[in-house]
Amino acid sequence: MNDMATKQPMVTAPSETRQVNALPTTTHSTSNRGMRIGRGLVRMIPTLVIFALLITIAGWGHFHEWKIPKFSELTNGKSSVGEAWCDEHGVPEAICISCNAELMPKGQLFGWCKEHGVHECVLHHPELGQLASLAEITEDDLDRASRAIAARPRTENDSACKVHLRRIQFASTDAADRAGIDIAIVDRGPIVETIKTTGEIVYDPTLVSHLASRTEGTIWRVEKNVGEYVKAGDVLAFVDAAVVGQAKAELMQALVQLEWNRKTLLRLSGLEGAISGHRVLDAESEVAKSEVAVQQALQKLSNFGLALDESDFERQSAEERKISIRFLGIPGDAVKTLEQTASSSNLVPVIAPRDGLIVKRDAAPGEMVGPTSSIFTIADASRMWLQLNLRLEEAQRVQIGQKIIFRPDGSDDDSIGTVTWISTDVDTGTRTVQIRGELDNSGGQLRNETFGAGEIVLREEFQAIVVPDNAIHWEGCCHVAFVRDKDYLKEGSFKVFHTRSVRPGAKMNGYTEVIAGLLPGEIVVAKGSGILRAELLKGNLGAG
């Protein structure tokens with residue numbers, strides 16, 4: 001019994017086992033959580049320190065009555081502490097010309113210029129210009145302005161606008177520099193105003209010839225190929241036409257008969273007393289019939305393009321006449337070759353009617369051709385047509401003779417031409433008007449059916465008044481430019497920019513034409529004008 005008890009294995013209660021195993025796990029988890037919380041608190045220490053420092057500084061500043069600097073102080077670099085400052089205009093009160101107008105009187109005002117659409121027009125009153133000396137306004141300047149206004153509708157200024165009366169003042173030149181003001185000189189330069197559209201280059205149809213055989217036949221030989229330049233009278237091909245051989249034979253027969261009848265009449269005329277008069281009349285009749293037959297044969301050959309004068313045969317022998325008729329219509333230099341290579345009298349040459357380039361060939365030896373089948377196309381490409389499509393409202397500004405600038409797709413070179421025709425029809429689908437121009441192609445660079453961008457030049461000015469694009473601003477009622485006072489750089493002068501009403505015109509290569517409002521040599525703000533515009537807006541809001 002004891003042995004059995006000894007051999008029996010010991011059994012441990014399951015609850016005790018779970019208790020022992022669970023204890024180490026719980027202790028490890030609690031330790032990790034504590035470490036993570038500690039590390040998080042450490043990371044928050046810098047943020048808490050900075051936050052506490054900011055609160056301390058803010059409290060100290062509030063206790064000592066700190067203030068945020070004004071925009072005028074930042075711009076002009078001046079502190080309002082200890083100095084009377086004009087907060088509205090951003091300069092010391094002692095030199096503020098807006099508050100103390102007598103410091104810098106504006107002078108005489110002339111008001112609205114109806115002709116040029118600006119206030120205080122310097123074209124009519126050059127003494128208003130900010131120049132060291134009085135500008136000279138020529139008739140060319142006035143004519144240029146008139147052409148620009150008439151060329152196309154322009155954005156108009158409001159005659160009731162008062163923004164041109166404002167002057168923007170800085171405390172010093174350094175203050176203007178810190179504000180980011182950059183200047184440009186009003187200059188003269190070329191301006192080209194155009195109407196832009198798209199177009200297509202095509203052959204001038206008046207210089208294109210589509211050649212066909214005058215009669216049905218077979219291509220015997222082709223002399224020229226596509227791409228070859230030919231001159232008027234060159235043989236392009238030969239057509240073997242049986243009807244032509246028959247017409248030549250009829251002419252030969254009619255000529256022989258005419259010659260016989262003439263000899264008969266001549267012989268009978270010498271025997272008038274010995275023979276009956278009816279025989280002479282009959283002989284005369286036969287001569288007349290033979291002459292008609294010859295004319296008919298010549299006309300038939302002429303219909304085939306083989307024109308011939310009957311008088312040419314009177315100086316030839318019978319053999320010479322036979323050769324002439326056989327090679328009728330064929331140039332002399334080609335006859336020498338054909339005498340050895342061609343035995344047929346049926347050959348009809350296809351002759352080039354003009355100088356030009358063979359742009360198409362639909363002919364091969366042995367191929368049947370006729371009057372309705374084109375076998376060659378010759379084009380004189382030295383002059384091309386340009387077809388442009390313009391919107392109806394733009395077409396009314398185009399006139400015959402105006403200059404055209406066209407750039408074909410894929411090309412870096414412009415082609416120059418002129419307007420030669422303006423259609424009286426409007427395309428019902430696109431509501432556009434077709435304009436045709438002519439382009440010189442003596443260099444052979446233009447290609448038929450090439451698309452591209454075209455411009456019709458409305459006017460071309462070589463001495464226009466121009467400024468950079470960013471010197472002109474739209475202020476809701478007027479276009480303005482900020483013009484630097486002529487005494488700006490003088491010692492002790494007021495640092496003033498005048499708001500000038502202007503009339504802009506065409507734009508080109510980053511420059512804007514000024515129709516009226518500025519004079520060459522004046523200085524305008526070209527960059528950093530945001531602060532000046534902000535002053536205008538502030539004044540407008542204050543006025544409102």
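Guide: A residue counts as buried when its relative accessible area is under 20%, and by that criterion 38% of the 544 residues of the chain in this predicted model are buried.

Visitor: How many helices and strands does the chain hold?

Guide: The chain has 12 helices and 25 strands, and residues 24 or more positions apart account for 72% of its contacts with a separation of 6 or more.

Visitor: Why is the pair of Phe170 and Phe497 called edge-to-face?

Guide: The ring centres of Phe170 and Phe497 are 6.0 Å apart, which falls within the 6.5 Å required for a pair, and their planes stand at 85 degrees, which is over the 60 degrees that the term asks for; the pair is therefore edge-to-face.

Visitor: What makes this pair a link between parts of the chain that are apart in sequence?

Guide: Phe170 belongs to strand E5 (residues 167-170) and Phe497 to strand E23 (residues 495-508), so the pair ties together parts that are 327 residues apart in sequence.

Visitor: How do you know whether Tyr488 and Phe497 are buried or exposed?

Guide: Tyr488 has a relative accessible area of 5% and Phe497 one of 1%; since the cut-off for buried is under 20%, Tyr488 is buried, and Phe497 is buried as well.

Visitor: What makes you say that the charged end of Lys495 sits over the ring of Tyr488?

Guide: The charged end of Lys495 is 5.7 Å from the centre of the Tyr488 ring, and the limit on that distance is 6 Å, with a further condition of lying within 35 degrees of the ring normal; Lys495 is accordingly listed as sitting over the ring. Arg436 provides another case, its charged end sitting over the ring of Trp385 at 4.0 Å from the centre.

Visitor: Why is Thr377 called buried, and which residues is Thr377 in contact with?

Guide: Thr377, which lies in strand E15 (residues 374-379), has a relative accessible area of 7%, and because buried requires a value under 20%, Thr377 is buried. Leaving aside neighbours within four places in sequence, Thr377 is in contact with Val208, Ser209, His210, Leu357, Ile358, Val359 and Lys360.

Notes: Residues numbered from 1 in each chain as written. Predicted model: local features only at pLDDT ≥ 70, side-chain atom pairs only at ≥ 80, totals over all residues. Heavy atoms only, no water. Helix = DSSP H or I, 4+ residues; strand = E, 2+ residues; numbered from the N terminus. Buried < 20%, exposed > 50% of the residue type's maximum accessible area, 1.4 Å probe, protein only. Contact = heavy atoms within 4.5 Å. Phe/Tyr/Trp six-rings, centres within 6.5 Å; stacked < 30°, edge-to-face > 60°.
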